[in-house]
Every structure is written in C-alpha cells, then in structure tokens.
Amino acid sequence: MKITIIGRQMNVWDQMKDAIEHKLEKFEKYFDDDCTATATLSTKRNMKCLEITIVASGVIFRSEVEDETFRNALDRAIYSIERQIRKNKTRLERRLREGAFADVYDTGEDYEDEPEFRIRQKSFPIKPMSVEEAIMQMNLLDHEFFVFKDEQTDAINVVYKRHDGDYGLICDAED
C-alpha cells in the first residue's frame with residue numbers, strides 16, 4: 001500500500017506520520033499492492049481534522065473526522081473505515097480479492113452484511129447548461145446535488161454542496 005500524508009497549511013510531525021502509517025498498514029491484508037491511501041491533516045475552527053481516503057481496485061473508502069486531537073481523529077477515522085469494510089465485506093470480496101476479508105475480526109458489534117440495495121429509478125431530460133446555471137437550479141430545488149449536461153463539453157457532470165458551504169463539481173477526468 002502506498003501511503004501519502006499531507007498537511008494542509010501545517011507541517012505534520014514525524015510521530016504523527018508514524019502513527020498514521022502504522023494504523024493504515026493493517027489494511028494491507030485486505031487489498032492488492034496497487035492500493036493507495038491518503039491522509040490529509042488540517043485545522044478547522046480550532047478542531048483537528050483528519051481525512052483518510054483509501055483507493056483499492058476502483059473502490060474508495062473515505063472517512064473525515066474532526067476532534068480535539070489528531071490522535072483521537074485518527075482512531076475514529078480508522079474505526080470508520082473498518083466499519084465500512086465489515087459492513088460491506090461480502091460485496092467487497094467479490095470485487096477486490098477472494099478471501100481478503102476472511103479474517104475480519106469480530107468486535108462484538110452486530111454487523112450484518114449490507115442488505116441488497118433498493119434502487120429507485122428516476123428518468124428526466126437532461127438539459128445542457130453552465131455550471132453556474134446548474135448550481136442555481138440545485139439551490140432552487142433545495143437539493144444537495146444536481147446532475148446536468150455541460151453545455152460546452154456535452155459531458156454529464158454533477159454539482160454538489162460541500163459541508164463547508166462551497167460547491168463542488170464532479171466531471172469526467174477526460175474532459
């Protein structure tokens with residue numbers, strides 16, 4: 001597993017880097033060698049924020065935690081990712097590696113596999129528009145995200161409202 005540690009507007013001290021690497025190494029048994037993990041540390045509103053993202057065979061595990069200390073945030077973020085793995089281990093095993101999750105330890109908590117997904121399908125015409133128009137439409141509908149066709153590239157994109165109040169844009173990497 002390739003581990004990258006980033007400090008946003010701060011330097012990450014060596015002890016914290018070692019602690020993050022040590023905690024993330026236990027996930028290596030679940031994933032192939034091409035797995036990457038990124039830990040981003042920052043401070044927001046006098047709280048320590050730690051975001052961990054693990055990408056393995058196209059599957060993304062992500063946890064973002066705010067706490068009073070980075071150590072507490074690290075423990076909570078690792079727990080969150082472990083929980084995601086336990087909850088979805090049957091589906092993940094089919095997708096990642098056979099037998100990868102056979103030794104997922106039992107914490108005593110009741111974690112049934114996620115039930116079959118219930119999918120409600122909606123169909124609607126997608127009108128070409130600008131990003132600004134899509135954000136306006138999303139706000140008018142009071143939604144958290146909005147799917148639209150970019151009027152310049154004809155690509156299907158998604159705008160969304162971020163936790164910090166800003167907006168995000170998801171688009172095809174080939175654009």
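Is serine 63 buried or exposed? I looked this up first, and serine 63 is buried, with a relative accessible area of 4%. For burial I use these cut-offs: buried is under 20% relative accessible area, exposed is over 50%, and partly exposed is in between, with a 1.4 Å probe and protein chains only.

**Basis of the entries**

I am working from a predicted model, in which local features need pLDDT of at least 70 and side-chain atom pairs count only at pLDDT 80 or more, while totals for chains, interfaces and linings use all residues. I number residues from 1 along each chain as its sequence is written, and side-chain values use heavy atoms, with hydrogens and water left out.

**Overall layout**

I count four helices and eight strands in the protein. Helices (H or I, at least four residues) and strands (E, at least two) are DSSP runs, numbered from the N terminus. Read from the N terminus, the order of elements is β-α-β-β-β-α-α-β-α-β-β-β. Of the 175 residues in the protein, 30% are buried. I also looked at contacts (heavy atoms within 4.5 Å). Among those between residues at least 6 apart in sequence, 40% join residues at least 24 apart.

I place serine 63 in strand E4, residues 59-67. Setting aside residues up to four places away in sequence, I find that serine 63 touches Leu50, Glu51, Ile52, Ala77, Ser80 and Ile81. The side chains of serine 63 and serine 80 are joined by a polar contact of 3.4 Å. A polar contact is a pair of N or O atoms within 3.5 Å; within protein, one must be able to donate a hydrogen and the other to accept it, and residues adjacent in sequence count only if both atoms are side-chain atoms.

I then turned to helix H2, residues 70-87. H2 has 18 residues and reaches 25 Å from its first C-alpha to its last, close to the 26 Å expected at 1.5 Å a residue. The expected span is 1.5 Å times one less than the number of residues. I list the buried residues of H2 as Phe70, Ala73, Leu74, Ala77, Ile78, Ile81, Glu82, Ile85 and Arg86.

**Isoleucine 5**

I find isoleucine 5 in strand E1, residues 2-7. Beyond four places in sequence, isoleucine 5 touches Val12, Lys17, Ile20, Glu21, Ala39 and Leu41. Isoleucine 5 and threonine 40 lie 35 residues apart in sequence, with 6.0 Å between their C-alpha atoms.

**Arginine 45 and methionine 47**

Arginine 45 lies in the loop between E2 and E3. I record it as exposed because its relative accessible area is 66%. Its phi is near 50°, a positive value in a residue other than glycine. Most residues other than glycine have a negative phi.

Methionine 47 is in strand E3, and I note it as partly exposed at a relative accessible area of 27%. Leaving aside neighbours within four places in sequence, methionine 47 is in contact with Ser42, Glu66, Asp67 and Glu68.

**The loop between E6 and E7**

I looked up two residues here. Glutamine 152 is in the loop between E6 and strand E7 (156-161) and counts as exposed at 72% relative accessibility. Its C-alpha is 7.8 Å from that of serine 130, 22 residues away in sequence. Aspartate 154 is in the loop between E6 and E7 and is exposed at 51% relative accessibility. The phi of aspartate 154 is near 65°, a positive value in a residue other than glycine.

**Pockets**

On a 1 Å grid over the protein atoms alone, a pocket is an open set of points where a 1.4 Å probe fits, with protein on both sides within 12 Å along at least five of seven lines; lining residues have an atom within 4 Å of a point. I take a volume as the space filled by probe spheres set on the points, with points joined across faces, edges and corners.

The largest pocket holds about 520 Å³ of space. Its lining has 18 residues, of which Lys44, Glu51, Glu64, Arg162 and Asp164 lie nearest the centre. Strands E2 (36-44), E3 (47-56) and E4 are the elements that give two or more residues to this lining.

The second largest pocket holds about 340 Å³ of space. Strand E6 (residues 145-150) gives the largest share of its lining, four residues.
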